[in-house]
Amino acid sequence: MDATMDYDDHCAEIVHQAELLGSHLDASTPLTTSVPSCPDWNLAQLLRHLGEAHRWVEDLVRTRATEPPPETALRVLPRETTETPAALAAWLTEGARLLADTLRAAGPDTRIWTPLPSGSPRFFARRMAHETVMHRADAALTLGADFTVDQRVALDCLDEWMELGSLPEMFDFHPDRRALLGPGRTLHFHATDTPPEAAADWLVDLTGDTLAWRRTQEPAAVSVRAPLTDLLLLIYGRVSSDRDTFAITGDQELLEFWLSRVLFG
């Protein structure tokens, strides 16, 4: 099984996930409902943030920016909206398609500014694909809708989260994460609903001088077993570990400490 995703896959997934998110909305959708997994926002703000993020990246890639454009539109989000759910869904999908088209036109190796090592549209294609996945999860959780993710997408989403969270630069942005390091501090996550060839095991190793991870099935101080989508939601901070879908053995305090320090927006 080929579980990898390439640049074109990420571009396509931005649009696919935006369309799926839009499908959660209908005329009766309450846009002023608070989003439990993003408690500072209501649903309209969530949708506006994601759509503006797509447009912010599109502008950056199209202009081959060497420094970040202003982020005001995707950070300052009025709580009230006069738009209908259908209009917001259409606007969101339009921005996703525009972004995907611009990424494809630029190609994966064009030199642009990125907030973390990469310097190419590859970073933003992958990041925006998974940003859209997780904000679709936020909307689904808010509305009580089903949330499922294709196995290949979920695996890539978790790998990206692990990779970004383990970059040495994260200590510059989040100095408090150094407190995670210590002897014997390891965490293992296993997806219970994937075939063996998916190798859906992640070992987080906090025993060295940096945050490290690897895809492996090893003993750990704490182990979490759950379906892949549930692991994705847990590790991205969208659900808590007290759900009955999680089988946890070992040092649960370490798990909660780690989850509290590595929150990802």
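This is a predicted model: local features need pLDDT of at least 70, side-chain atom pairs count only at pLDDT 80 or more; totals for chains, interfaces and linings use all residues.

Residues are numbered from 1 along each chain as its sequence is written, and side-chain values use heavy atoms, with hydrogens and water left out.

Searching the whole structure gives 1 cavity of 30 Å³ or more. A cavity is a set of points, on a 1 Å grid over the protein atoms alone, where a 1.4 Å probe fits but cannot get out; lining residues have an atom within 4 Å of a point. Grid points are joined across faces, edges and corners, and the volume is the space filled by probe spheres set on them. For the largest cavity this volume is about 80 Å³. Its lining includes Trp161, Met162, Trp213 and Trp258. Helix H6 (151-165) and strand S3 (212-214) are the elements giving two or more residues to this lining, and H6 gives the most, with 3 residues. Helices (H or I, at least four residues) and strands (E, at least two) are DSSP runs numbered from the N terminus. The lining of the largest cavity has 9 nonpolar residues, 2 polar and no charged. Here Ala, Val, Leu, Ile, Met, Phe, Trp, Tyr, Cys and Pro count as nonpolar, Asp, Glu, Lys and Arg as charged, and the others, Gly among them, as polar.

A pocket is an open set of points with protein on both sides within 12 Å along at least five of seven lines. The second largest pocket has a volume of about 180 Å³. Helix H5 (121-143) and H6 each supply at least two residues of its lining. Among the lining residues are His10, Arg122, Arg126, Glu160 and Glu163. The lining of this pocket divides into 4 nonpolar, 1 polar and 4 charged residues.
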